[in-house]
Amino acid sequence: MTMSVPQKRKHMLSVDFKQRSGSSKRHKEHGHSHQHKKPRYVDAPDEEQSPRKSATELNGTTPQKLVNGYKVPKPHGHNNLNRINGVGESSRSKNFRSNSSTDLQLQEQRKQLPIAKGRDALVAEIGKHDVTVLLGETGSGKTTQVPQYLLENGVAGKGMIAVTQPRRVAATSLADRVSKEQGASVGDIVGYSVRFDEKYTSGTRIKYMTDGMIVRELMSDPLLSKYSVVIVDEAHERTLRTDLLIANLKTIQKKRNSTLDPKGKGNADKMNPLKVIIMSATLDAEKFSKFFHNAKIIYVKGRQHPVTIYHSSESQVDYVDAAMRTFFQVHVDQPPGDVLIFLPGEYEPHFIRVPELKNALGQEDIESLEKSITFFAKRLPADKMDVLILPMYASQSAHKNTKVFESAPSNTRKCILATNVAETSITIPGVKYVIDTGKCKEKQYLARDSGGGFDTLLTRDITKSSAMQRAGRAGREGKGVCFRLYTEQAFESMKRTAEPEILRCSLTSSILQLKCIGQNMEELDLMDKPDIDAIYSALKTLWLLGAIDKEQKLTSTGRRMASFPTEPHLSRSILASSEHNCTKEILTIVSILSSSSKLFLDISDQREAASDSRRKFRHPSGDHMTILNTFRSYEEVSKSESKSQRKEWCKKHFINEKCLIEGKKIREQLIDVCKKVGLDPNSSCGENEDPVIKSLGYGLVGNSAFLQPDGSYKQTMGHSIVKIHPGSCMVNEKVPAIIYDELVYTNQIYARGVSAIPRSFFLKHAALSQRQA
DNA sequence: CGCGAGGGC
């Protein structure tokens, strides 16, 4: 404790932040160059101009300079758009906190939302047009209010209003909030529908749902006839499912909204027209509008506290080190308020940052930053606040993540080290300062014409829209500050928005789904069309799985596969399991593989202890049977032990209970689907692993590799040398042939989820494929 | 002797 701040100086040079350049550039930040049709205001013109707040002078000796204030996001440059104004204070978009408000207070809050002032004009505009693009800033209230306005004003007719969301939590919590505003319980007037969970009745008029859910509904109701309005929220995120939905909405409208069908006869569906509302953040409205034949764009002002933005004056090569130094600049000089640091990932090969910790440190981002900050925080003068460091990433155990939401003791400053989860999925209360490294990890699927392909996971620069979103996280509860560890120039050269997911992921699953409603992806009117090679690669995979025939027609196998909510190769394994009497076992393995979290968590400094402990569940045939063993042991423990003992057991064995709990839910769902398609979910092979491996083989036939004379593995389809992933229990094994769940390209091409399979399996399978074709 | 964004059915 005798070592004081100078300690900081010794090792840390301050990061120099630079003043933003003039307001013209800030207009650019908004990313707009609209030449939109009719400049017209729906309500009174907005008086508010660029908020030029003089930010608080930073104390102390840090060389930071002060800059123009900055509101995120800003409506500048939108004069040519229709605009609905609003006033008021404090609103949160999707994470609602207390529900102690009385009905009256709720109604009052509704009226105070920025969007409320323009209600009549908004309803009128939406009533007039088949498609409306609603540009809404954070905090405008559009997602909660627009559906209610349409319902209350009779715009929805007799049908339901669907509001789609990319994330489950958003759908359920929105339904919760809007139900309260309607003075009803969830599932009555307002309901929701997400995987594993739905609450709605025949009387439900507003349904919040995930985009994946409505895409699946397309398979049973291709015209979405239950709905009179579909509101696509967060459309700018351009998830695969949102893009598929938007393409279908366009064709559905052609059928439902025209008075004459293509044959010139009266169209029966015209009695049931469909209204579409696209809700998006500000950057991509024009594109949505063009896609829907220049649909009306309406702008809704939001409400967000001002966030002052600093850019570093030089680019930071070692952004983790820069993040640490910036944190201490904030901690020493700035008033209380929690700090949120955005990093690309938990781990990243990097520099050794603290010489004293050279041996203790791995080469990781979140983990090493945690240690570095702890190291220096201990050496601060006693009058400084304590520092509580909290890592936050989705794959981390749920328990650890909850600590992030708890408020820290009064003399403690929370410092949250987060990945992209904190950008959209979760909102952390108390954050006043954001430190943005400008980096994120992004998965990109590289399709191969041999069928299949592999994922790459690379650290990249974020987009402008992402940078704005991150900065906005500092202004949720009051004025905030965002420190960007990149120059203003670097910001300007960032891409505006991310590539749509449809251009970056495997299309196998979507193409199969589309086949079920008689559509071919290459003919679909999509906002962005995927590369034709990516489509061929997926078709080849589907053919290999027996889901389509040589003429690319859906087979009965394909139709049955599509009824499972799993990746096609796993669906195929389930079907195969019924012929090998091991559906029970395969369902368990597939459930765990389909879970969003990992079964085995890796903590770098305990990695060896973890793998030792797991050895108990290890099966010589590989990772798939190991999963089965682990699940079985957990079930055994669950029979006799309490919830907390179960938890303890998982912790002791370095098992992620989150994965098991979700896996069990998925398993239940898969059992239901099995019953529907006539598979016996209880057929079991007992302890014999052969049938299990064979069944997996039918699904993973494209994901296989043979051992080469030199000891490496080479793909059976494709030409790449693949290495067994270090996390696999097969990592040091040399077997004649392997199957694997997926390939990930990082430094090399790694096969994850590996099991040994007899070479002879492939000969038999090839013969089978020939016969099918 | 490496690996390691975030979502969804």
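Predicted model: local features only at pLDDT ≥ 70, side-chain atom pairs only at ≥ 80, totals over all residues.

Student: How many helices and strands does chain A have?

Tutor: Chain A comes to 26 helices and 23 strands. Of its 773 residues, 55% count as buried. Among contacts with a separation of 6 or more, 74% join residues 24 or more positions apart. The accessible surface is about 33,700 Å², and carbon and sulfur atoms hold 50% of that area.

Student: How does one read the two faces of a strand, and is strand β3 buried or exposed?

Tutor: In a regular strand, side chains alternate between the two faces of the sheet. In strand β3 (residues 131-136), six of the six residues are buried, so this strand is largely enclosed by the rest of the structure. Val131, Val133 and Leu135 lie on one side, Thr132, Leu134 and Gly136 on the other, and both faces are covered.

Student: Which strands pair with β3?

Tutor: Strands of a sheet pair through backbone hydrogen bonds, in either a parallel or an antiparallel sense. Here β3 runs parallel to strand β9 (residues 275-280), with five bridges between them; Val133 has Ile278 as its bridge partner in β9. Five bridges also link β3 to strand β10 (residues 296-300), again in the parallel sense, and Gly136 is placed opposite Val300.

Student: What is the strand order in the open sheet of seven strands?

Tutor: The order is β1-β11-β18-β15-β12-β14-β13, with mixed pairing. The edges are β1 (17-18) and β13 (386-392); each has a single partner strand, so one side of each lacks a neighbour in the sheet. Within this sheet, β12 (residues 338-342) and β14 (residues 412-418) are parallel and share four bridges, with Val339 opposite Cys415 of β14.

Student: Which strands does helix α14 touch?

Tutor: Helix α14 (residues 464-472) packs on the sheet and touches β11 (307-312), β12, β15 (431-436) and β18 (480-484). The direction of α14 makes about 140° with that of β18.

Student: Finally, how do helices α4 and α5 cross?

Tutor: One reads the angle between the helix axes. Those of α4 (residues 119-128) and α5 (residues 142-152) come within 10 Å and cross at roughly 75°; the two helices are therefore roughly perpendicular to each other. Arg119, Leu122, Val123 and Ile126 of α4 make the contact with Val146, Tyr149, Leu150 and Glu152 of α5. These contact residues comprise six nonpolar, no polar and two charged.

Notes
Residues numbered from 1 in each chain as written. Chains lettered and ligands numbered in written order. Heavy atoms only, no water. Axes fitted to C-alpha atoms, helices over the stretch in contact; angles between N-to-C directions. Parallel < 35°, antiparallel > 145°, perpendicular 65-115°, else oblique. Contact = heavy atoms within 4.5 Å. Nonpolar A, V, L, I, M, F, W, Y, C, P; charged D, E, K, R; others polar. Pairing = 2+ DSSP bridges. Buried < 20%, exposed > 50% of the residue type's maximum accessible area, 1.4 Å probe, protein only. Areas by Shrake-Rupley, 256 points an atom, 1.4 Å probe, with all protein chains shown as cover.
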